[in-house]
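Subject: Structure handover

Hello,

Here is the structure I said I would pass on. My notes on it follow below.

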Amino acid sequence: MTLRFGAAVLRSYESRFAVEEVILEAGPADGEILVRIEGCGMCRTDLAVRHSAGRTPLPAVLGHEGAGVVVETGGQDTGPGVGDHVVLSFDSCGHCRNCLGAAPAYCDSFASLNLFGGRAENAARFTDAAGGALAPRWFGQSSFAEYAMVPARNAVRVDPALPVALLGPLGCGFLTGAGAVLNSFGAGPGDPIAIFGAGAVGLAAVMAATAAGAVVVAVDRYPERLALAERFGAIPLPAASAGLPGRIQRLTDGGARFALDTTGSAGLINDALRSLRPTGHLGLVARLHTALPLEPGALDRGRTISHICEGDAVPGLLIPRLTGLWQAGLFPFDQLIRTYPLADINEAERDCDAGRVVKPVLIPEGSR
């Protein structure tokens, strides 16, 4: 099998994406599926490749919030079958201690599989139109494309009645925010939670917390993002508010039980710690790029801080839970999405960088 299709290729850390013809020289190997991509979310992690200090190999097809329809399988034991609608999530090895312990986000090979090289097997079959090698699959997907060859363990079957083109962000960005609330914190009715940063991850956390019956305070510097958070049930609070920790403590009757920081800002992280009640828990999802100075007293009184990866999710469990909440009107993630043709990927990146869109979703030409 030789399959030629369009994909957005990033050839250097400074260049724009270019939609080119790429080639797959073979069909799915054992344990793989070929998916026709109906839509793919653009995540900040995709854009962070430009600042990866050369660690992410290029040229590459990025994209790791894909969703679509299975068109071919590599064997009978792949799980999803031809015609199934699937959401694609992060890659994991499936056999290390953390994978076997239902913690695939902490797979021993997470960084190498998803960020810095991908699966080496069969990599040479993926080339550009001139036969030049492309980097192995990004997050097991490389789904800024019309098709993606993925390990079947990355794919989660979903109800074909759902709008599959919009579901891709449930595989990473929305999964991370909602999973932090539902899995990492286990937030429930009446729990006070403060969410710092009302982007895609933070707003997904707001929606999940509201669905769980928590009392939610959302902090952001942009009024329009705070307006969205308020629409989804949060108490909005500008990040520049004087005495921010004290205000959160008053709004939550003595302090938040949980806080989630999506900003990576040292100042806001310290504010988040100070907003917690005794024994409160702060979760971080943004990657820190500098040392984190903690102010004296910020970690007092049994407060804890931890990093949360991919919402501590088993995608096959959390994604169906989130689509069920959406069907019940409790997780309206579609209100955060703006769609763009794949050919307009550079416009989507500019809008994302400028904060004009919360979650861009790219639609390949053949899917429109």
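Asp253 sits in the loop that runs between α7 and β13 (256-261). The model is a predicted one, and in it the phi of Asp253 is near 55 degrees, a positive value in a residue other than glycine. The relative accessibility of Asp253 is 71%, so this residue counts as exposed.

Ser142 also deserves a look. Its phi is positive, about 55 degrees, although Ser142 is not a glycine. The residue belongs to the loop between β7 (126-128) and β8 (147-151). Is Ser142 buried or exposed? With a relative accessibility of 2%, Ser142 counts as buried, the cut-off for that class being under 20%.

One further backbone feature concerns a proline. The peptide bond that leads from Leu58 to Pro59 is cis, its omega being near 0 degrees. Pro59 is part of the loop between α1 and β4 (60-61).

Helix packing

Helix α7 (residues 244-251) packs on α8 with an angle of about 35 degrees between them and with the axes 8 Å apart. Their crossing is right-handed. On the α7 side the contact involves Leu244, Pro245, Ile248 and Gln249, and these meet Leu268, Asp271, Arg274 and Ser275 in α8. Sorted by class, the residues of this contact between α7 and α8 are 4 nonpolar, 2 polar and 2 charged.

Helix α4 takes part in the other two pairs. With helix α5 (residues 200-211), the axes come within 7 Å and cross at roughly 45 degrees. That angle makes α4 oblique to α5. The crossing of α4 and α5 is right-handed. Which residues of α4 meet α5? They are Gly173, Phe174, Thr176, Gly177, Ala178, Val181 and Leu182, and their partners in α5 are Ala200, Val201, Ala204, Ala205, Ala208 and Ala209. This contact of α4 with α5 has 10 nonpolar and 3 polar residues, and no charged ones.

Helix α4 (residues 173-185) also packs against helix α9 (residues 315-327), at an angle of about 95 degrees and with the axes 11 Å apart. The angle makes α4 roughly perpendicular to α9, a description that covers 65 to 115 degrees. From α4, the residues Phe174, Leu175, Ala178, Gly179, Leu182 and Asn183 meet Pro315, Leu318, Ile319, Arg321 and Leu322 in α9. By class, the α4 and α9 contact comprises 8 nonpolar, 2 polar and 1 charged residues.

Salt bridges

How many salt bridges does a search of the whole structure find? The search finds 14. Some of them are set out below.

Arg44 pairs with Asp353 in a salt bridge whose closest N and O atoms are 3.4 Å apart. This pair links distant parts of the chain, as Arg44 is in helix α1 (residues 44-47) and Asp353 is in helix α10 (residues 345-353), 309 residues apart. Arg44 has a relative accessible area of 47% and is therefore partly exposed.

A salt bridge also joins Glu295 to Arg274, with the closest N and O atoms 3.2 Å apart. Here too distant parts of the chain are linked: Glu295 is in the loop between β14 (276-284) and β15 (304-307), Arg274 is in helix α8 (residues 266-275), and the two are 21 residues apart. Glu295 is partly exposed, with 37% relative accessible area, and Arg274, at 28% relative accessibility, counts as partly exposed as well. Arg274 is also one of the α8 residues that meet α7.

In the salt bridge between Arg356 and Asp351, the closest N and O atoms are 2.9 Å apart. Asp351 is buried, its relative accessible area being 7%.

Finally, a network of salt bridges links Arg11, Glu20 and Asp128.

Regards

Technical notes: Residues numbered from 1 in each chain as written. Predicted model: local features only at pLDDT ≥ 70, side-chain atom pairs only at ≥ 80, totals over all residues. Heavy atoms only, no water. Axes fitted to C-alpha atoms, helices over the stretch in contact; angles between N-to-C directions. Helix = DSSP H or I, 4+ residues; strand = E, 2+ residues; numbered from the N terminus. Parallel < 35°, antiparallel > 145°, perpendicular 65-115°, else oblique. Contact = heavy atoms within 4.5 Å. Nonpolar A, V, L, I, M, F, W, Y, C, P; charged D, E, K, R; others polar. Salt bridge = Lys/Arg side-chain N within 4 Å of Asp/Glu carboxyl O. Buried < 20%, exposed > 50% of the residue type's maximum accessible area, 1.4 Å probe, protein only. Left-handed = near helix turned anticlockwise from the far one by under 90°.
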